[in-house]
Amino acid sequence: LLPQTPLSVVLLVGAGLFLRSLHQLRSIDLGMQPDRVVVVSAEYANVGWKSPEINAFAERAAQRLRAVPGVEGVAFAESVPFYSLGGGSLRIPGRDSLVAALSSTPRKSVVSPEFFEVMGMRVVQGRGITAGDVKGAPLVAVINETMKAQLWPDGSAMGDCFFIGSAPQCFTVVGVVH
């Protein structure tokens, strides 16, 4: 019985620290309101659809979802926040290495114009994505405040461009979200 007491105390302390950490995680400002969001994932790879069929299906699904009582908005994204696709290296024309300036690997996701509103993300500078930001139009990006602070600490990122990964075109910053 005696050897079990120290082990029990260690387990209780560990459980208490774990619960305290979970409680503190709830107070972190994520910059969005995940409690208002339901994520639905669709996998098109095995169906063999091309972009026109995928877009038509997505629009029909969005119309049906908007008709469901209680649904406030519908948006599309290539991936969800905190599960985004790795963007790879980041380059800003006229600047040397940015590795030291970044606290994490850049992530990217293609989103619909409604995305920021549906996710409860506040645009603090510039604009979000619009219906005019379509395939064939100049590439635009909305960055978060952390990226802005790390890469443009002394000025505005608006209108600056950057390359991410192996993309041959520059993404122009049009907005900043919280």
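Me: Which residue in S7 does Cys161 stand opposite?
Reply: Thr172 is the one facing Cys161. Before we go on, this is a predicted model, so local features need pLDDT of at least 70 and side-chain atom pairs count only at pLDDT 80 or more, while totals for chains, interfaces and linings use all residues. Residues are numbered from 1 along each chain as its sequence is written, and side-chain values use heavy atoms, with hydrogens and water left out.

Me: How do I read strand pairing, and in which sense do S6 and S7 pair?
Reply: Strands are DSSP runs of E with at least two residues, helices are runs of H or I with at least four, and both are numbered from the N terminus. Two strands count as paired if DSSP finds at least two bridges between them. Here S6 and strand S7 (residues 171-177) are antiparallel, with two bridges. In their hairpin, six residues sit between the strands, and Gly165 has a positive phi near 60 degrees.

Me: Which strand do two bridges join to S2?
Reply: That's S6 (residues 161-164), running antiparallel to S2 (residues 90-91). Within that pair, Leu90 has Ile164 as its bridge partner.

Me: And how many bridges join S5 to S7?
Reply: Five, and those two strands run parallel. Look for Val142, which faces Gly175 in S7.

Me: Why is S5 called largely enclosed by the rest of the structure?
Reply: Start with the scale: buried means under 20% relative accessible area, exposed means over 50%, and partly exposed lies in between (1.4 Å probe, protein chains only). S5 (residues 140-144) is largely enclosed because four of its five residues are buried. For the protein as a whole, buried residues are 23% of the 178.

Me: Is Phe116 buried or exposed?
Reply: Phe116 counts as buried because its relative accessibility is 9%. You'll find Phe116 in helix H3 (residues 115-119).

Me: Which residues does Phe116 touch?
Reply: A contact means heavy atoms within 4.5 Å. Setting aside residues up to four places away in sequence, Phe116 touches Val111, Met121, Gly128, Ile129, Val142 and Val177. Take Val142: Phe116 is 26 residues from it in sequence, yet their C-alpha atoms are 9.9 Å apart. On the scale of the protein, among contacts with a separation of 6 or more, 63% are between residues 24 or more positions apart.

Me: Where does Lys148 lie, then?
Reply: In helix H4 (residues 145-151). With Val176, the gap is 28 residues in sequence and 7.5 Å between C-alphas.

Me: How many salt bridges does a search of the whole structure find?
Reply: Two. One joins the side chains of Arg127 and Asp133 at 2.8 Å, N to O. Arg127 is partly exposed at 30% relative accessible area, and Asp133 is partly exposed at 22%. The other joins Glu59 and Arg66 at 3.8 Å, N to O. Glu59 is partly exposed at 39%, and Arg66 is also partly exposed, at 39%.

Me: Which residues form a nonpolar patch on the surface?
Reply: Patches are made of residues with over 30% relative accessible area and no salt bridge; like charges are joined within 9 Å, and nonpolar side chains (Val, Leu, Ile, Met, Phe, Trp, Tyr) within 5 Å. Accessible areas come from the Shrake-Rupley method with a 1.4 Å probe, and for residues only the protein chains shown count as cover. The patch here is Val9, Val13 and Leu17, with about 250 Å² of accessible area together. Val9 belongs to helix H1 (residues 4-26) and is partly exposed, at 46% relative accessible area.

Me: How many helices and strands does the protein have?
Reply: Four helices and seven strands. From the N terminus on, the order is α-α-β-β-β-α-β-β-α-β-β.

Technical notes
A salt bridge is a side-chain nitrogen of Lys or Arg within 4 Å of a carboxyl oxygen of Asp or Glu.
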